[in-house]
Amino acid sequence: MAIKKPISDPPLVSIVTPSFNSEKFIAETIASVQNQTITDWELLIVDDASSDDTVTHINKLKTEDVRIKCFPLTENKGPANARNLGIKNAQGKYLTFLDADDIWFSEFLETSIAEAKKHHFVFASYQRLDENLNPYLSDFIVPKKVNYTDILKSNSISCLTAFLDIDKLGKKYMPLIKKRQDMGLWLQYLKEIDIAYGIQKPLAIYRIRRNSLSRNKKSLLKYQWKFYREVADLSVVESAYYMICWAYKGFIKYQN
């Protein structure tokens with residue numbers, strides 16, 4: 001059914017989606033938002049200068065649903081810049097993120113809102129499937145709660161399920177680095193509120209693509225070290241300690 005006017009103004013939830021050459025998956029991702037049991041949302045898709053037909057697909061879908069907004073960039077600047085533009089334009093009480101190839105279960109928003117009313121920063125477990133949505137790894141079940149130090153050791157908060165009450169917490173922005181931008185954002189909040197709370201039930205699907213950078217741990221080592229030293233501003237000794245923790249927990253995370 002076409003949605004020709006906002007459910008409310010401002011919307012209850014702002015959803016930020018960076019996209020780049022996502023024509024194969026973007027319609028399915030958008031459909032998972034449209035299928036939510038909570039309908040009062042805005043979907044802010046920031047396209048990072050795609051060279052395929054991603055924007056064409058988005059524009060076609062947004063003509064039928066005014067809740068979908070597209071911000072096409074003329075120059076590719078990376079996911080941190082794209083997400084930050086989405087955050088800047090977000091009008092909702094709550095802020096959440098969904099990458100252009102991932103999927104939410106229909107109750108994601110409803111469950112997250114219920115938990116965020118008690119805890120201002122929440123995140124959920126998720127399934128890990130391959131590009132064709134076949135089983136790939138076991139479900140990733142998040143901890144019941146994490147603090148600043150926990151995230152330095154292993155970032156268990158995924159952009160796929162992070163959910164923030166920005167009426168209470170305010171807007172913050174991701175560091176403009178090539179990788180680990182989300183981790184940088186979570187740490188900013190955890191400096192102020194101490195704890196983020198995990199939802200044990202899987203509420204989303206993380207699609208593991210063949211060229212996924214997050215699966216290549218060797219390529220991430222230098223970026224992780226750089227993050228500890230330059231973004232988290234840790235000493236060499238502290239960075240080495242957290243690097244060992246990260247490497248060990250990362251190995252466990254990506255085992256079946």
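Is Leu221 buried, partly exposed or exposed? In this predicted model, in which local features need pLDDT of at least 70, side-chain atom pairs count only at pLDDT 80 or more, and totals for chains, interfaces and linings use all residues, Leu221 counts as partly exposed because its relative accessibility is 38%. Residues are numbered from 1 along each chain as its sequence is written, and side-chain values use heavy atoms, with hydrogens and water left out. Buried denotes under 20% relative accessible area, exposed over 50%, and partly exposed the range in between, with a 1.4 Å probe and protein chains only.

Leu221 belongs to helix α8, residues 217-231. Helices (H or I, at least four residues) and strands (E, at least two) are DSSP runs numbered from the N terminus. When neighbours within four places in sequence are set aside, Leu221 is in contact with Met243 and Trp246, contact meaning heavy atoms within 4.5 Å. The C-alpha atom of Leu221 is 8.5 Å from that of Ala247, a residue 26 positions away along the chain.

An unreviewed UniProt entry lists residues 14-134 as "domain: Glycosyltransferase 2-like"; UniProt positions follow the numbering used here, feature names are shortened, and annotations may be inferred rather than shown by experiment.

In helix α1 (residues 26-34), the buried residues are Ile26, Thr29, Ile30, Ser32 and Val33. Viewed down the axis of α1, these buried residues fall within an arc of 155°, so they line one face of the helix; the arc is that of the directions from the helix axis to the C-beta atoms. Their cover includes β1 (13-19), β2 (41-47), α2 (54-62), β3 (68-72) and β5 (103-104).

Rings of Phe, Tyr and Trp (its six-membered ring) pair if their centres lie within 6.5 Å; planes under 30 degrees apart count as stacked, over 60 as edge-to-face and the rest as tilted. By this rule there are 11 aromatic pairs. Phe121 and Trp186 form a tilted pair, with 5.8 Å from centre to centre and 55° between the planes. Because Phe121 lies in strand β6 (residues 121-130) and Trp186 in helix α7 (residues 181-193), the pair ties together parts that are 65 residues apart in sequence. Phe121 counts as buried at 1% relative accessibility, and Trp186 counts as buried at 0%. One aromatic cluster is formed by Tyr94, Trp104, Phe108 and Phe163.
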